[in-house]
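Work through the exercises below with the sequence and the model side by side. Each task is followed by a solution that goes step by step.

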Amino acid sequence: MLSLDKVFDAQQVLKNIVRETGVVRAYGIAPECELYLKPENLQITGSFKVRGSAYKIAMLSEEEKAQGVIACSAGNHAQGVALAASKNGIQSIICLPDNAPISKVEATKGFGAQVCLVEGCYDDAYQKALQLKEEMGYTFVHPFDDENVLAGQGTIALEILQDLDNIDAIIVPIGGGGLISGIAYTVKQIRPSIKVYGVQASGAPSMYNSIRNGSIECLDSVQTIADGIAVKQPGQNTFQLVHDYVDDIALVTDDEVACAILALIENQKMIAEGAGAVAVAAAMFGKFPIQGKRVVCVISGGNIDVTSLSRVIDRGLRNSGRSSSLLIELIDKPGQLKDISRIIADCGGNVTGVHYEKGNTESVHGCFLRIEMETRDFEHVRLITQSLRNENFKII
């Protein structure tokens, strides 16, 4: 069983393996509360996962180590297991879903593991890992439903409590539940008054549904940009620990996650992957009663492909009104584009793209003009739109 002694032991074992990521004050992201970040995206493998996997591997018997280890992962646990196994001279094989970000796949290989790509999501990789374990005799390192893994993740709570006094709440991402189980258990043993809140993506609400319905449920499918927490079914141990020690769970949409990633980049110069940003998304969009409170959000990881990051930034810009487009129907005659550009410039907007389209307009001489713009927010978009209408341009 998980115990506080085991968490403190994990802290000692991990001292020469993981980084102690200091709590950072964050401004301008969630102004209604006093917000701090626990940046596990700055961890040695770019994610908190190395804590649990390294402690688990350190606790293996010599016989288990000799057999080699196998694990399944959405990407971050893979790197933790690969690194810990390499440091101990142990062979490792990792089953990853074939849609895992390229950066995570290559990093796992770089830490010395053999990678097995499996069609589907995390849960499909999990089944493949169990199959190979039986066939080859490897020692299985579970990504979340294991007491030693949970103890390793609980060391994050010890660091938070050491760095910061008078904490009111800690907000934590949830996939299979290992991170929040370790943190919630540890926090409630030491300072039970602190609220522990969990966050899942609305496209992968396995723990959320299970807790609300009182029993473990398995989703038919999961779909979210937060690939690190795209888990169909929580673990037996983690379900019980979340039930006993977590105060509430909320869901965030992919659009809210994209806005949180953008806010972290702009305000903190910090890169978070989708799963790493869900806690901040919950704080930004008022998912919990944290007004006027001292709150810590755990940034669980920062392993995101540059191409994926570009798409997420574009989505975040559009969802916050920073990037927008207008479709204008007009008569195809000289000077129209000049007048439209002048109106937008006078309102402080910046035209970044112009697309001319012929189409079925009311007039045989009509056309459509699609204007891409950089804007400040949605109110700025409304100002530009109204200014164009005031000069008799027809906004579609």
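**Exercise 1: a strand and its surroundings**

Strand 7 (residues 169-173) is largely enclosed by the rest of the structure, because five of its five residues are buried, where buried means under 20% relative accessible area, exposed over 50% and partly exposed in between, for a 1.4 Å probe and protein chains only. Strands here (E, at least two residues) and helices (H or I, at least four) are DSSP runs numbered from the N terminus. The model is predicted, so local features need pLDDT of at least 70 and side-chain atom pairs count only at pLDDT 80 or more, while totals for chains, interfaces and linings use all residues. Residues are numbered from 1 along each chain as its sequence is written, and side-chain values use heavy atoms, with hydrogens and water left out.

Task: Determine which residues cover each face of strand 7, and which strands pair with strand 7.

Solution. Begin with the faces: A169, I171 and P173 lie on one side, I170 and V172 on the other, and all of them are buried. Next, look for pairing, which requires that DSSP find at least two bridges between two strands. Strand 7 runs parallel to strand 8 (residues 195-201), to which five bridges join it, and A169 has K195 as its bridge partner in strand 8.

**Exercise 2: a glutamate in a loop**

Task: Locate E273, decide whether E273 is buried or exposed, and find the polar contact that its side chain makes.

Solution. First, E273 sits in the loop between helix 11 (254-268) and helix 12 (274-284). Second, its relative accessibility is 1%, and therefore E273 counts as buried. Third, its side chain makes a polar contact of 2.8 Å with the side chain of K104; such a contact is a pair of N or O atoms within 3.5 Å, and within protein one must be able to donate a hydrogen and the other to accept it, with residues adjacent in sequence counting only if both atoms are side-chain atoms. Taking contact as heavy atoms within 4.5 Å, and leaving aside residues up to four places away in sequence, E273 also touches residues including G46, N76, G228 and I261.

**Exercise 3: cysteines and the nonpolar core**

Task: How many disulfides does a search of the whole structure find, and which residues of the largest nonpolar core touch the most other members?

Solution. The search finds zero disulfides, a disulfide being a pair of cysteine sulfur atoms within 2.5 Å. For C95, the nearest cysteine sulfur belongs to C116 and is 4.3 Å away; C95 counts as buried because its relative accessibility is 0%.

Turning to the core, a nonpolar core is a set of buried Ala, Val, Leu, Ile, Met, Phe, Trp, Tyr and Cys residues joined through side-chain atoms within 4.5 Å. The largest has 39 residues, of which L35, L37, I171 and L264 touch the most other members. Helix 12 gives the largest share, eight residues.
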